[in-house]
Amino acid sequence: MDPSSFQELESPNNAGDSSSGGSAPSRYESQKRRDWNTFGQYLRNHRPPLSLSRCSGAHVLEFLRYLDQFGKTKVHTPVCPFFGHPNPPAPCPCPLRQAWGSLDALVGRLRAAYEENGGMPETNPFGAKAVRLYLREVRDLQSKARGVSYEKKKRKRPPQAAAAGAPMDQQEPTSSCEG
């Protein structure tokens with residue numbers, strides 16, 4: 001890809017993951033294509049218009065802040081009486097923003113799309129330190145504003161094969177440590 005041009009993802013098979021010829025792209029691939037094309041439209045509408053090669057982490061941050069106007073997540077300000085309450089009892093004038101999880105997923109898809117379209121990982125603006133710091137800041141702010149912590153989910157171990165219908169504490173162990 002010529003780094004100065006922005007390539008739209010038109011074909012569902014551009015991603016390389018779609019190994020079966022005529023199959024429809026996955027939901028992830030479709031969303032990635034829409035996100036990439038939306039970002040390309042943003043660059044073209046930018047004043048002055050931006051080429052992808054001149055796009056930096058600062059431009060990505062500008063794009064993420066622009067998207068806030070379309071957000072649906074209420075983020076309470078520190079002066080709001082409902083700051084820190086996950087389920088406020090009444091409406092308030094606090095702004096609607098993009099949810100941290102949505103922004104995090106969006107940046108991940110755009111980062112992948114950039115590299116799939118010939119961008120070098122070292123120059124990927126979606127992987128810039130400023131973008132990572134911004135996402136961390138948004139996560140922390142939203143966590144405090146809603147009184148909800150965003151901790152990494154612990155992976156659940158799959159239940160071991162056992163007799164159907166028997167409660168877990170009454171099941172026979174499937175392996176023994178005794179020798």
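Trainee: Is E29 buried or exposed, and how do I read that?

Mentor: Buried means under 20% relative accessible area, exposed over 50%, and partly exposed in between (1.4 Å probe, protein chains only). E29 has 6% relative accessibility, so E29 counts as buried. Keep in mind that this is a predicted model, where local features need pLDDT of at least 70, side-chain atom pairs count only at pLDDT 80 or more, and totals for chains, interfaces and linings use all residues. Side-chain values use heavy atoms, with hydrogens and water left out, and residues are numbered from 1 along each chain as its sequence is written.

Trainee: Which side chain does E29 meet in a salt bridge?

Mentor: A salt bridge is a side-chain nitrogen of Lys or Arg within 4 Å of a carboxyl oxygen of Asp or Glu. Here E29 pairs with K32 at 3.2 Å, N to O. K32 is buried too, with a relative accessible area of 1%. Both sit in helix α1, three residues apart, about one turn of the helix. Helices (H or I, at least four residues) and strands (E, at least two) are DSSP runs, numbered from the N terminus. E29, K32 and E116 are linked in a network of salt bridges.

Trainee: What does D35 pair with?

Mentor: D35 meets R109 in a salt bridge, 2.4 Å from N to O. D35 lies in helix α1 and R109 in helix α3, so the pair ties together parts that are 74 residues apart in sequence.

Trainee: How many salt bridges does the structure hold?

Mentor: Five. Another one of them joins R97 and D68, with the closest N and O atoms 3.8 Å apart.
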